[in-house]
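Take a moment with the sequence and the structure, then read on.

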There are 2 protein chains.
Amino acid sequence: MMELTRKGDYAIRGIVYLASQPPNKISLLSEIAAAVDVPQTFLAKIFQQFSKTGIVKSFRGTGGGFLLAGPPEEITLLQVVEAVEGPILPNRCVLKAGECERDVSCTVHPVWHQVQQKVRGILANITLKDLATN
Amino acid sequence: MMELTRKGDYAIRGIVYLASQPPNKISLLSEIAAAVDVPQTFLAKIFQQFSKTGIVKSFRGTGGGFLLAGPPEEITLLQVVEAVEGPILPNRCVLKAGECERDVSCTVHPVWHQVQQKVRGILANITLKDLATN
DNA sequence: GGTAACAGGACTTGACAAGTCTTTTGCTGC
DNA sequence: GCAGCAAAAGACTTGTCAAGTCCTGTTACC
Ligand code: SF4
Ligand code: SF4
């Protein structure tokens, strides 16, 4: 259980590659895809999401490509994962009250909340700088 | 992401109900299903798995039903979850080396290991006694 | 032997993961 | 302003798996 999808894994690979490049060096999608071994068309979708949430910047046309939107030490793994996978929800009742009609008196409910907090804590403390290879 | 399936949630509901009953009181599947609001045929599958992994005992025929295989304080939530959902794997590379060809030099790999350890730690520290309602 | 209960297997339905393909939009540079 | 480059967007495919249902078998009690 609790499996990250390929999309999530690919997303991390791709953005870590960006973080490993010299600052302000624009990378082509084709270049990233080849480097991290992900189908280019699939990676395109992922980077579109990144672009929409604002953690990477994109440029079209000749000389275009992708660039991190901020310094690697300010982008956390949590941001990256939640950008493509959505919020971390060990169980659906964590999302909001009322999702499960038993939540008012459920003794298990707090456990999932705790799991969510812990996982978020781990991911939030890791930045792209920690992951980049130089 | 990281969502527990319904099966997992139902499994917990069911076994917590068992843990909330007086010791040695055999419960019928129909009774459990009604109490925790789960389709009986689906819950049957779940309890078959419990029975096979040995965390509940089952009895057939007249007067049959289900019983916890041990005292509630000795059965952890981790055992329950892994019995029906399989091992906790935040990413497939955690399972064993070689699942991902990039794992030798992957800087992200240890993160998932850490997540797995933390989650397992939380679940292993909660027993059915903690969850039972009396 | 009949009935009460769990065990096991086959099957269904829908959603969603993991892509692919095609078209459109925007940019740069001659 | 046109050519060509590169990302954006959307429609489509394929396979797997979650979430059940249904039917038949097996075991135990009386
Ligand atoms: S843990 Fe409790 S509140 Fe959450 S979905 Fe399960 S039964 Fe509902
Ligand atoms: S985290 Fe690294 S080793 Fe694990 S699956 Fe992703 S790329 Fe492979």
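Predicted model: local features only at pLDDT ≥ 70, side-chain atom pairs only at ≥ 80, totals over all residues.

## Around DNA strand C

A residue counts as near when one of its heavy atoms lies within 4 Å of the strand. By class, this surface has seven nonpolar, 10 polar and six charged residues. Here Ala, Val, Leu, Ile, Met, Phe, Trp, Tyr, Cys and Pro are nonpolar, Asp, Glu, Lys and Arg are charged, and the others, Gly among them, are polar.

Which elements supply at least two residues each? They are H1 and helix H3 (40-53) of chain A, together with helix H3 (40-53), strand S1 (56-59) and strand S2 (65-68) of chain B. Helices (H or I, at least four residues) and strands (E, at least two) are DSSP runs, numbered from the N terminus.

Of the atoms of DNA strand C within 4 Å of the protein, 68% belong to sugar or phosphate, and the rest to bases. Polar contacts are pairs of N or O atoms within 3.5 Å. Arg6(A) places a backbone N or O atom 3.0 Å from a phosphate oxygen of DNA strand C. In chain B, a side-chain N or O atom of Gln48(B) is 3.3 Å from a base nitrogen, while a polar side-chain atom of Thr62(B) lies 3.4 Å from a sugar or linking oxygen.

How do the copies compare? The same surface serves both: 97% of the contact residues of chain B recur in chain A, with contact meaning heavy atoms within 4.5 Å.

## The largest pocket

The lining of the largest pocket has 22 residues, and nearest its centre are Arg13(A), Val16(A), Arg102(B), Cys106(B) and Thr107(B). Two or more lining residues come from each of helix H1 (6-20) and helix H2 (29-36) of chain A and helix H5 (109-124) of chain B. H1(A) gives the largest share, six residues. A pocket is an open set of points on a 1 Å grid over the protein atoms alone, where a 1.4 Å probe fits, with protein on both sides within 12 Å along at least five of seven lines; lining residues have an atom within 4 Å of a point.

## Reading the numbers

Residues are numbered from 1 along each chain as its sequence is written, while chains are lettered from A and ligands numbered from 1 in the order written. Local features need pLDDT of at least 70, side-chain atom pairs count only at pLDDT 80 or more, and totals for chains, interfaces and linings use all residues, with side-chain values using heavy atoms and leaving out hydrogens and water.

Conventions: Polar contact = N/O pair within 3.5 Å; in protein donor to acceptor, adjacent residues only side chain to side chain.
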